[in-house]
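Here is a short briefing on one chain. Have the sequence and the model open as you read.

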Amino acid sequence: MSGTAEKLSVTVEALREQIRRLQAAPRKYLATLRTGVEPFDALLPAGGLPLGQVVELWGEAASGRTSLALRTVASAHREGRLCAYVDGPGELYPPAAVAAGVDPSRLLIVRPKTAEQLAWSAVQLVRSGAFACVVLDLTRGPAGAGKGEGGVRLSPAEGKRLMEAATRGGSLLLLLTAPEAPADGMMRLRTEARGDEGLSVEVVRSRQGGIGSRTLVPWGALYPELGEWETPWGAELLPSETVTVPELREPERVSPEGHRGIMGQRPGRDVPMPSLRSSLDAALH
């Protein structure tokens, strides 16, 4: 019996040593997180978003940055992992997140009351190592917190703490930033909506190469729940073979006297009303 207990103790100690080695290893080499949006994943040097790093999705409002973040969270949820979302603007819409594949039971939503608490909250979440992906929305600060208008710009010290926390905790930290307030992520991806075509993504900063490369993500790849010819804003697209161009015609000239009715007459004005006598004569004959 003692021999069995001794073997068990040796096995447990060996497992502990392996865990310590894994925790001490550079997390960026251990895994990547694929979003499931094939054109987007193919653009990235590692074939997905690297764990243990800070990646910035930088673009205008309605440029697709939040949709990409939610797809990333949904991908982590499909693998049974936990995620966190630091919601600076306080505008994350749960039904939209669920429609993107997010599992609410595996998502922690944090809404700090001040802009200064945004980076601090993200550092604690990322450093814990409990979350595969942490999203930090800096596109707008908390309303009434002094920095509610425009994007929230991180200080160099805050940016450094976030990168150190991501490396130590092994989590992917996604920064959602506005054009006027870029951050210092290890990788910066510019997002831009291209009308009916889809979402353009360009690598503008990367330590792994690929700077300047870009791809176009069709709306159907980003929103699989849409029909074949639907767009995220509800409009319908027409297949290219059925697109018709209306014939251009010269507009009709309108008389200065106004609109003309039948036979060129102005209703109620050009044709005189018949007299009572003529109406009676017509009825009798």
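**R188 and the model**

R188 sits in strand β8, residues 187-193. Helices (H or I, at least four residues) and strands (E, at least two) are DSSP runs, numbered from the N terminus. This is a predicted model: local features need pLDDT of at least 70, side-chain atom pairs count only at pLDDT 80 or more, and totals for chains, interfaces and linings use all residues. Residues are numbered from 1 along each chain as its sequence is written, and side-chain values use heavy atoms, with hydrogens and water left out.

**Surroundings of R188**

- R188 is buried, at a relative accessible area of 12%. Buried means under 20% relative accessible area, exposed over 50%, and partly exposed in between (1.4 Å probe, protein chains only).
- Beyond its neighbours within four places in sequence, R188 is in contact with E56, W58, P182, A183, E202, V203, V204 and R205. Contact means heavy atoms within 4.5 Å.
- R188 and V55 are 133 residues apart along the chain, yet their C-alpha atoms are separated by 6.0 Å.
- Opposite R188 of β8 stands E56.

**Whole chain**

- The chain holds 8 helices and 10 strands.
- It has 285 residues, of which 38% are buried.
- Among contacts with a separation of 6 or more, 62% join residues 24 or more positions apart.

**The sheet**

- Eight strands form an open sheet with mixed pairing, in the order β5-β4-β6-β7-β3-β8-β9-β10. Two strands pair if DSSP finds at least two bridges between them.
- The edges are β5 (107-110) and β10 (214-217); each has a single partner strand, so one side of each is left without a neighbour in the sheet.
- From one strand to the next, the twist averages 20 degrees. Axes are lines fitted to C-alpha atoms, for helices over the stretch in contact, and angles run from 0 to 180 degrees between N-to-C directions.
- Helix α6 (residues 156-169) packs on the sheet and touches β3 (54-59), β6 (133-137) and β7 (172-177). The direction of α6 makes about 130 degrees with that of β3.

- Strands of a sheet pair through backbone hydrogen bonds, either parallel or antiparallel.
- β3 and β8 run parallel, joined by 5 bridges.
- β8 and β9 are antiparallel, with 7 bridges. E192 has S200 of β9 as its bridge partner.
- The hairpin of β8 and β9 has 5 residues between the strands, and G195 there takes a positive phi near 55 degrees.
- β9 (residues 199-206) and β10 also run antiparallel, over 4 bridges. S200 stands opposite L216 in β10, and E202 has R214 as its bridge partner there.
- One face of β10 is covered, with T215 and V217. The other, with R214 and L216, is uncovered.

**Helix α5**

- In α5 (residues 116-128), the buried residues are L118, A119, S121, A122, V123, L125 and V126.
- These buried residues pack against β4, β5, β6, α6 and β7.
- Just after α5, G129 has a positive phi of about 75 degrees.

**The largest pocket**

- α3 (65-78), β4 (83-87), α4 (94-99) and α7 (219-222) are the elements that give two or more residues to the lining. α3 gives the largest share, 5 residues.
- By class, the lining has 17 nonpolar, 5 polar and 7 charged residues. Ala, Val, Leu, Ile, Met, Phe, Trp, Tyr, Cys and Pro count as nonpolar, Asp, Glu, Lys and Arg as charged, and the others, Gly among them, as polar.

**A62**

- A62 lies in the loop between β3 and α3.
- A62 counts as exposed, at 74% relative accessibility.
- Although A62 is not a glycine, it has a positive phi of about 65 degrees. Most residues other than glycine have a negative phi.
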